[in-house]
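Have the 3D view open as you read.

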Amino acid sequence: MIEIPESITIAKQLNDSVKGKKIVQAEAAHTPHGFAFYTGNAEFYSRVMEEKTIGEAFGIGSMVEISLDDTEGRDEARYSFVVGDGTNIRLYQPGEKLPPRYQTRIVLEDDSSLVCTVQMYGNMFLIEPDVYDNFYYQVALQKPFPGSEAFDYEYFCSLKEDLSGNMSVKAFLATEQRIPGLGNGVLQDILFLSGLHPKRKIGTIREIQWRKLYETVTDTIGKMTAAGGRNTEKDLFGEKGGYQTLLSKMTVGKPCPYCGNIIQKANYLGGTVYFCPGCQE
């Protein structure tokens, strides 16, 4: 699933590999999928996207936005193609075999293709950024992200103002878009390195632990991004990220690298959580 490290990584790869290339064909809804979501009908994608040029790409939370440059001035409106959490986007080189099932394909002038596939659910929206009022998109644009100057300790503490002390630390970090793009995947190592169990109530976390949590959020996401994403996710070229997760589906059932207890998993708040019973209070 796309989270902050992956959205930033994929956006950079798009800028390095396809920015400036013209779109010669755009196809949406190729393989029917009940939980693949689009803007309008399939014809809308081909009409708007074809003959436009791939512009700057941005990682915004759990989304990747690809701006479309209208070099021929066909449309008054400005458009972007936005890939949301749950959608995999990959670049296929000319002649490379495409997957048999996919949702969206953008063919470029050099015969390479950007292909989007959805497994469980996913969005592939063609939007006008100036007027698009989707809550998740707007909040991802407006809120500071970990590592930015605005995401300081004072701001981090302000996120828990007016919240119940009975809220779990997982709910605090990974729900209600308090930190867009910090989801259940990135959460695991942050809590492990902070020594906090996912179910720990925020009202029981001491000041020194809050500061450590803040520092771990910024440091861990920074390391994940610098490594090109997590090894549980794939980038634009279908390669796994270089950050080796400490807690994930790849480490469950194995000994904790610090205390030797077996890494466990549980279902909590609509997703799987991983934890070390020895290191996380």
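## The five-stranded sheet

Start with the open sheet of five strands, ordered β2-β9-β5-β4-β3 and with mixed pairing. Its edges are taken by β2 (36–38) and β3 (53–60), each with a single partner strand, so each has one side left without a neighbour in the sheet. On average, and ignoring direction, neighbouring strands here are turned by 15° against each other.

Inside the sheet, have a look at β5 (residues 79–83) and β9 (residues 122–127), which pair in the antiparallel sense over four bridges.

Helix α1 (residues 4–17) lies across β3 and β4 (63–69), and runs at about 160° to β3. Helix α3 (residues 135–142) also packs on the sheet, where it touches β3, β4, β5 and β9. The direction of α3 makes about 90° with that of β4.

## The four-stranded sheet

There's also an open sheet of four strands, with the order β1-β7-β8-β6 and antiparallel pairing. At its edges sit β1 (23–27) and β6 (87–92), each pairing on one side only.

Take β6 and follow it to its partner: six bridges join β6 to strand β8 (residues 113–118), and the two run antiparallel. Across this pairing, Ile-89 stands opposite Cys-116 in β8.

## How α6 meets α7

Now for a helix pair. Helix α6 (residues 184–194) packs with helix α7 (residues 207–226) at an angle of about 135°, and their axes are 9 Å apart. Angles over 145 degrees would count as roughly antiparallel and 65 to 115 as roughly perpendicular, so α6 is oblique to α7. The crossing of the two is right-handed.

Who does the touching? On the α6 side, the contact is made by Val-186, Asp-189, Ile-190, Leu-191, Leu-193 and Ser-194. From α7 come Lys-212, Leu-213, Thr-216, Val-217, Thr-220, Ile-221 and Met-224. Sorted by class, the contact of α6 with α7 has eight nonpolar, three polar and two charged residues.

## A word on the model

Keep in mind that everything above is read from a predicted model.

Methods: Residues numbered from 1 in each chain as written. Predicted model: local features only at pLDDT ≥ 70, side-chain atom pairs only at ≥ 80, totals over all residues. Heavy atoms only, no water. Axes fitted to C-alpha atoms, helices over the stretch in contact; angles between N-to-C directions. Parallel < 35°, antiparallel > 145°, perpendicular 65-115°, else oblique. Left-handed = near helix turned anticlockwise from the far one by under 90°. Contact = heavy atoms within 4.5 Å. Nonpolar A, V, L, I, M, F, W, Y, C, P; charged D, E, K, R; others polar. Pairing = 2+ DSSP bridges.
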